[in-house]
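These are my notebook entries on a structure that is new to me. I set down what I looked up, entry by entry.

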Amino acid sequence: MSNWFMSWLLRSPFHGLISGSILLITYIGRRSGKQYSAPLNYVREGNKLWVTSVRTRIWWRNFRGEWPIRVLLQGKEIAGRGEAITQQDALNDAFHDFFRLSPSSARYFKVKMDDDGIPDQGDLERIVAERVLVKIKIQN
């Protein structure tokens, strides 16, 4: 589905069809000052939301250091602060938790998990090289 349709659906009364796993982020670009919105898959852990992106995309670079963000989460707009995790050790630990919280994401990214929920180290290293995580702290 296209981004405009996903954005429309998330803003509509029918958001429940997808809002259990997809949210809409809105933020102001650090350099441009323009407002951007994007639908993204997420994993929730209390008042933290985790989203991931391939390193070649540029939107996440706005979150080097904490940066304000608005999130449309399950039909409710919530303020928060996002921060990209890019350093290898921190990213390794964060993805370990991400896959523990969302085993379906591990399958999607082809990361093997052992019986104790520990990701395969080689698979984890591949993901850390390809992707970043953005941690979003939402305000309740």
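Is F95 buried or exposed? I found F95 buried, because its relative accessibility is 0%; buried means under 20% relative accessible area, exposed over 50%, and partly exposed in between, with a 1.4 Å probe and protein chains only.

Before going on, I noted that this is a predicted model, in which local features need pLDDT of at least 70 and side-chain atom pairs count only at pLDDT 80 or more, while totals for chains, interfaces and linings use all residues. Residues are numbered from 1 along each chain as its sequence is written, and side-chain values use heavy atoms, with hydrogens and water left out.

Entry on the aromatic rings. I looked up the aromatic pairs and found ten. F95 and F99 form a stacked pair, because their ring centres are 5.5 Å apart and their planes stand at 25°. For such pairs, rings of Phe, Tyr and Trp (its six-membered ring) must have centres within 6.5 Å; planes under 30 degrees apart count as stacked, over 60 as edge-to-face and the rest as tilted. F95 and F99 are four residues apart in helix α2 (residues 88-101), so about one helical turn separates them. Helices (H or I, at least four residues) and strands (E, at least two) are DSSP runs, numbered from the N terminus. I also recorded F99 as buried, at 0% relative accessibility. Ring pairs join F95, F98, F99, Y108 and F109 in a cluster.

Entry on the negative patch. Which residues form a negative surface patch? I listed D114, D115, D116, D120 and E125. A patch takes residues with over 30% relative accessible area and no salt bridge, and joins like charges within 9 Å; a salt bridge is a side-chain nitrogen of Lys or Arg within 4 Å of a carboxyl oxygen of Asp or Glu. D114 sits in the loop between α3 (103-108) and α4 and is partly exposed, at 39%. E125 belongs to helix α4 (residues 121-130) and is partly exposed at 45% relative accessibility.

Entry on backbone angles. Most residues other than glycine have a negative phi. Q74, however, has a positive phi near 50°; Q74 lies in the loop between β5 (67-73) and β6 (76-85) and is partly exposed, at 40%. K110, also not a glycine, has a positive phi of about 60°. I placed K110 in the loop between α3 and α4, and K110 counts as exposed because its relative accessibility is 65%.

Key
Patch = residues over 30% accessible without salt bridge, like charges linked within 9 Å, V, L, I, M, F, W, Y side chains within 5 Å. Areas by Shrake-Rupley, 256 points an atom, 1.4 Å probe, with all protein chains shown as cover. Lys, Arg positive; Asp, Glu negative; His and termini not counted. Charge placed at Lys NZ, Arg CZ, Asp CG, Glu CD.
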